[in-house]
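Open the structure in your viewer and keep the selection tool at hand. This tour goes stop by stop.

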Amino acid sequence: LTFRRSLRCVAPMASRGIHKVPMFVNGKFVESKTDKWFDVTNPATQEVIAKVPQCTQEEMNAATAAAKEAFKTWKNVTPAERQRVIFRYQHLIRENLDNIAQIITKEQGKTLADAKGDVFRGLEVVEYVCGAANHLIGDTMESVGSGIDTYSYKQPLGVCGGIAPFNFPAMIPLWMYPLACALGNTYVMKPSERVPLTSIKLIELAAQAGFPPGTVNLIHGGHDTVNFICDHPDIKTVSFVGSNVAGEHIFKRASANGKRAQCNMAAKNHACVLPDASRERALDALAGAAFGAAGQRCMALSVAVLVGEARDWIPGIVERAKKLKVSAGWEAGADLGPLISPASVARVREIVQSARAEGAEVVLDGTNLKVDKYPNGNFVGPTIITKVRPDMRCYKDEVFGPVLCIMEAATFDEALAIINASPYGNGTAIFTNSGAAARTFTSKTEVGQVGVNVPIPVPLPFFSFTGNKKSMYGSLHFYGKQGAEFFTQVKTVTSFWPEPSAEAYSAGVKTSMPIMSSKA
């Protein structure tokens, strides 16, 4: 009943009792007039719970036009008043956190505990955004020349666009439009067509919080909607989180159209495990980070590099993995929910089978797991592959499932070399009790986010999410200071006000390059 109540803004399809997901344009939920709809499926049951539209060009144009019009007034709202809207928004999200988590579990599959974490990590960004006015402060210098002062300030860009993935239906959208809007921009958001219902709830709360009509708009669809956001001349920025295939396309297309773009993409995150580490804590951390969220995290620890005697810890990892409960996310005690789709299950099975064919050993195989209560679910159990080499597909590809690849290294330097050779740079971690080893690792690793005895080192929003290499395209990262820079531009003003006694004085016409800081 709670889930159904949360969908009160979704129009029912009378013929089958399935719901049509609306757009949100200019402050109103609007049903699309398209003839093309995607199924929104509960991944634990395969039940179709809603239909989401491929919005028409006219509808997407209307959303962008609404955002463009709203920008004319929203940019002039005082930063303090914009912050008050965000304050109200964070309160409403916190108040509805359990309800939002239930929606996530229903449409995405992750466990309720994990879904609550999804919402909470997004809420932390919204809380940070409540102080976004600090990021609009510019710089001033007096008397850079005789009677000349220079100052700069930051201004919003206009209409911004966001394209979110399926794996974090709340957190990733909350990385995007709250910060952009708090800084004076307006927004056109596209959630994943697989998980649109969470965004519907978040946008409903945004309207309740006082976001003016047109400030935030929600459109839906697949490739056509992605290309629309990349191409429309009134959309100034594009933010994306997802796969490399999509991210590289979006970055190139948006950049070719003169837009700013930030694209967080695939990862292959390594854990370096030294034999001096606290064994039990390290193994618990590995199992949780590798198999949590069914491995559908861009920060999942998907490779463990065991150094020296730590290779003897493999049975301990297997033991922990076997104890994890796989079931529908709303079931009590569930540790892993289903994958998002049957295609994802098929892909994981294919990659695990390729590992066998290439000479690896599958010491724990969860690819044929069945959950009796949910026989149609997209379930894969924890899977562990040993004797992995860098040339294997299971190592080179982001599996995006509960699969842990284990490699062995004779020395710490060898382990570090393996990690630095990876083309991806989202996250890494070292498990050790040696401060010297930890310092060397953090200094020499070529990965953007590093954990020391922390398996998933996603920074809190006072910092920025700083993946690198093939995991990130664009020079400015999400949230934090870099996120604020992404959504603003600097205007610099140089002004000359001579002394009153010099007002009538003319130094004559000068055609040489002006030099303000010197009389030469």
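What follows is a walk through pockets, cavities, a surface patch and salt bridges. Keep in mind that this is a predicted model.

**Stop 1: the largest pocket**

Now colour the elements around it. Four of them each supply at least two residues of the lining: α8 (223–231), β12 (235–241), α9 (244–256) and α12 (342–357). Which element gives the largest share of the lining? It is α9, with six residues.

Colour the lining by residue type next. It divides into 20 nonpolar, 14 polar and nine charged residues.

**Stop 2: the cavities**

Rolling a probe the size of a water molecule over the atoms shows where empty space is left. How many cavities of 30 Å³ or more does a search of the whole structure find? The search finds four.

Start with the largest cavity, at about 110 Å³. Select Gly-295, Arg-297, Ala-300, Ser-302 and Phe-400. Of the 15 residues lining the largest cavity, these are the closest to its centre. By type, the lining of the largest cavity splits into eight nonpolar, four polar and three charged residues.

Move on to the second largest cavity. About 40 Å³ of space lies there. To see its lining, select Arg-121, Glu-124, Val-125, Met-171, Trp-175, Val-458, Pro-459, Pro-461 and Tyr-479. The most come from α5, which gives three. The lining of the second largest cavity has seven nonpolar residues, no polar ones and two charged ones.

**Stop 3: a patch on the surface**

Switch to a surface view. Select Leu-460, Phe-462 and Phe-463. Together they form a nonpolar patch on the surface, with about 330 Å² of accessible area.

Zoom in on Phe-463. You will find this residue in the loop between β21 (450–452) and β22 (468–469). Is Phe-463 buried or exposed? It counts as exposed, because its relative accessibility is 57% and the cut-off for exposed is over 50%.

**Stop 4: salt bridges**

Select Lys-72 and Glu-69. They form a salt bridge, with the closest N and O atoms 3.0 Å apart. Both sit in helix α2 (residues 57–74), three residues apart, so about one helical turn separates them. Lys-72 is partly exposed, at 47% relative accessible area. Glu-69 is partly exposed too, with a relative accessible area of 47%.

Next, select Glu-127 and Arg-94. In this salt bridge the closest N and O atoms are 2.2 Å apart. Glu-127 belongs to helix α5 and Arg-94 to helix α3 (residues 79–95), so the pair ties together parts that are 33 residues apart in sequence. Glu-127 counts as partly exposed, at 30% relative accessibility. Arg-94 is also partly exposed, at 41%.

Then select Lys-469 and Glu-446. Their salt bridge has its closest N and O atoms 3.8 Å apart. Lys-469 lies in strand β22, while Glu-446 lies in the loop between α15 (435–444) and β21, so parts that are 23 residues apart in sequence are tied together by this pair. Lys-469 is partly exposed, at 28% relative accessibility. Glu-446 is partly exposed as well, with a relative accessible area of 42%.

Finish this stop with a group. Select Arg-279, Glu-280, Asp-284 and Arg-320. Salt bridges that share partners join these residues into one network.

**Stop 5: a proline in a loop**

Select Pro-22. Where is Pro-22 found? Look in the loop between β2 (18–20) and β3 (23–25). Pro-22 counts as buried, because its relative accessibility is 5% and buried means under 20%.

Pro-22 and Ser-192 are 14 Å apart in space, and 170 residues apart in sequence.

Definitions and conventions. Residues numbered from 1 in each chain as written. Predicted model: local features only at pLDDT ≥ 70, side-chain atom pairs only at ≥ 80, totals over all residues. Heavy atoms only, no water. Helix = DSSP H or I, 4+ residues; strand = E, 2+ residues; numbered from the N terminus. Nonpolar A, V, L, I, M, F, W, Y, C, P; charged D, E, K, R; others polar. Patch = residues over 30% accessible without salt bridge, like charges linked within 9 Å, V, L, I, M, F, W, Y side chains within 5 Å. Areas by Shrake-Rupley, 256 points an atom, 1.4 Å probe, with all protein chains shown as cover. Salt bridge = Lys/Arg side-chain N within 4 Å of Asp/Glu carboxyl O. Buried < 20%, exposed > 50% of the residue type's maximum accessible area, 1.4 Å probe, protein only. 1 Å grid on protein atoms, 1.4 Å probe; cavity = no way out; pocket = protein on both sides within 12 Å on 5 of 7 lines; lining within 4 Å. Points joined across faces, edges and corners; volume = space filled by probe spheres on them.
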